[in-house]
Amino acid sequence: MDLLNTLVEKGLRRELPTREEALAVLATSDDDLLDVVAAAGKVRRHWFGRRVKLNYLVNLKSGLCPEDCSYCSQRLGSTAGILKYTWLKPDEASKAAAAGLAGGAKRVCLVASGRGPTDRDVDRVSDTIKAIKDQNEGVEVCACLGLLSDGQAERLREAGADAYNHNLNTSEATYGDITTTHTYADRVDTVQKAHAAGLSACSGLIAGMGESDEDLVDVVYSLRELDPDSVPVNFLIPFEGTPLAKEWHLTPQRCLRILAMVRFVCPDVEVRIAGGREVHLRTMQPLALHLANSIFLGDYLTSEGQAGKADLEMIADAGFEVEGADEVTLPEHRAAGGGCGSESACGSEGGGVCGSAPAPASSSGEQPAQVPQSSQSSQADPGQVRTDLVAVRRRGAGTDLAPNA
Ligand code: SF4
């Protein structure tokens with residue numbers, strides 16, 4: 001298919017696809033799905049080989065959030081029966097992190113519910129980062145604490161944080177439909193603050209919230225412009241007790257197309273399959289490893305994942321290998337701080353916003369790639385409610401039970 005050949009060539013050159021090409025990936029038919037996976041897999045292997053990076057979530061503070069993000073089981077007014085607890089102590093968080101690291105993870109993601117941290121919260125998290133780093137040499141720590149105020153990113157960096165996560169989640173045009181208590185611009189600002197402080201920026205999206213293909217492409221192109229080092233791709237877990245509980249639109253095929261599109265647009269970035277992996281990809285999870293080079297091991301913030309042992313077996317069975325602590329995740333140009341998806345567009349240093357704007361199909365003189373007709377067969381599977389696949393987390397951080405790792 002001309003489209004896929006074009007996208008592979010661009011991916012290997014870190015060249016931005018056109019929006020038309022990205023949309024065409026989402027519109028491919030089920031008959032073409034394995035070709036799409038194979039093509040995006042070439043780009044994935046070029047930049048990341050067969051390595052899979054394992055990340056481990058520690059929910060430092062669960063529920064009780066004053067914000068109203070519709071997708072979130074911890075939101076204001078959520079009646080989801082999730083664990084609710086306030087800040088874990090540094091030794092409790094360190095113990096949970098150690099379980100994930102023993103299971104093969106190389107990055108620990110410290111997450112707290114809430115609009116954003118107070119300075120006192122930054123102190124607490126700084127103590128936790130130090131506790132984890134003191135006990136686990138070489139571990140990467142990512143903090144995810146919400147919107148940052150001036151100076152907080154710098155303080156987290158000084159405390160030893162390697163990365164900061166804050167997702168854009170959806171397109172700017174639809175952000176107000178998902179959340180009203182903060183804005184898309186607030187989110188962009190925090191990603192930029194993290195970047196400017198020298199933290200590795202992690203920012204991604206949530207698919208399955210009723211968005212259009214154009215919305216998905218919009219948010220992925222916005223991410224490319226923000227130039228994070230890692231892009232978590234979440235698939236909505238429609239929690240009972242949240243406004244999006246009935247949004248069961250995703251199919252495994254749709255998830256694979258979305259991951260392929262993200263890989264083509266962000267070819268040299270750590271693309272992580274995040275929440276909803278088991279719920280929506282189900283038995284197709286191993287195919288997704290050909291697209292993403294990173295997953296979460298074990299459980300998520302408020303829901304349970306498959307057993308950590310099953311994650312490891314899946315990786316081995318699919319012919320991939322867990323990335324070791326001594327291996328560098330990112331390609332050399334990124335690991336060295338170069339960032340930037342597009343060589344020709346990258347001239348900025350440090351916190352500059354990189355990544356060229358989406359170019360019209362004809363701007364380079366190339367012929368527009370062939371756009372296949374959309375197949376509706378797996379674009380959605382409306383009405384297929386699978387609440388049986390959603391298990392609220394009842395073990396690990398905030399409980400007396402051992403973590404899943
Ligand atoms: S996503 Fe974060 S800010 Fe939004 S409701 Fe959930 S915990 Fe609160």
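Cys-72 lies in the loop between strand 1 and helix 4, where helices (H or I, at least four residues) and strands (E, at least two) are DSSP runs numbered from the N terminus. The model is predicted, so local features need pLDDT of at least 70 and side-chain atom pairs count only at pLDDT 80 or more, while totals for chains, interfaces and linings use all residues. Residues are numbered from 1 along each chain as its sequence is written.

Cys-72 is buried, because 26 other C-beta atoms lie within 10 Å; a residue is buried at 20 or more such atoms, exposed at 12 or fewer and partly exposed in between, with C-beta atoms placed from the backbone. Cys-65 lies in the loop between strand 1 (51-61) and helix 4 (90-102), and Cys-65 is buried too, with 22 other C-beta atoms within 10 Å. Beyond its neighbours within four places in sequence, Cys-65 is in contact (C-beta atoms, placed from the backbone, within 7 Å) with Gln-74, Arg-75, Leu-76, Ser-113 and Gly-114.

The ligand is surrounded by residues that include Cys-65, Cys-69, Cys-72 and Arg-115, counted where the C-beta atom, placed from the backbone, lies within 6 Å. An unreviewed UniProt entry places the feature "binding site" at Cys-65, Cys-69 and Cys-72; such annotations may be inferred rather than shown by experiment.

Helix 4 has 13 residues and reaches 18 Å from its first C-alpha to its last, close to the 18 Å expected at 1.5 Å a residue, a span taken as 1.5 Å times one less than the number of residues. Among its buried residues are Ala-93, Ala-97 and Leu-101. Their cover includes strand 1, strand 2 (107-112) and helix 5 (119-135).

Conventions: Contact = placed C-beta atoms within 7 Å.
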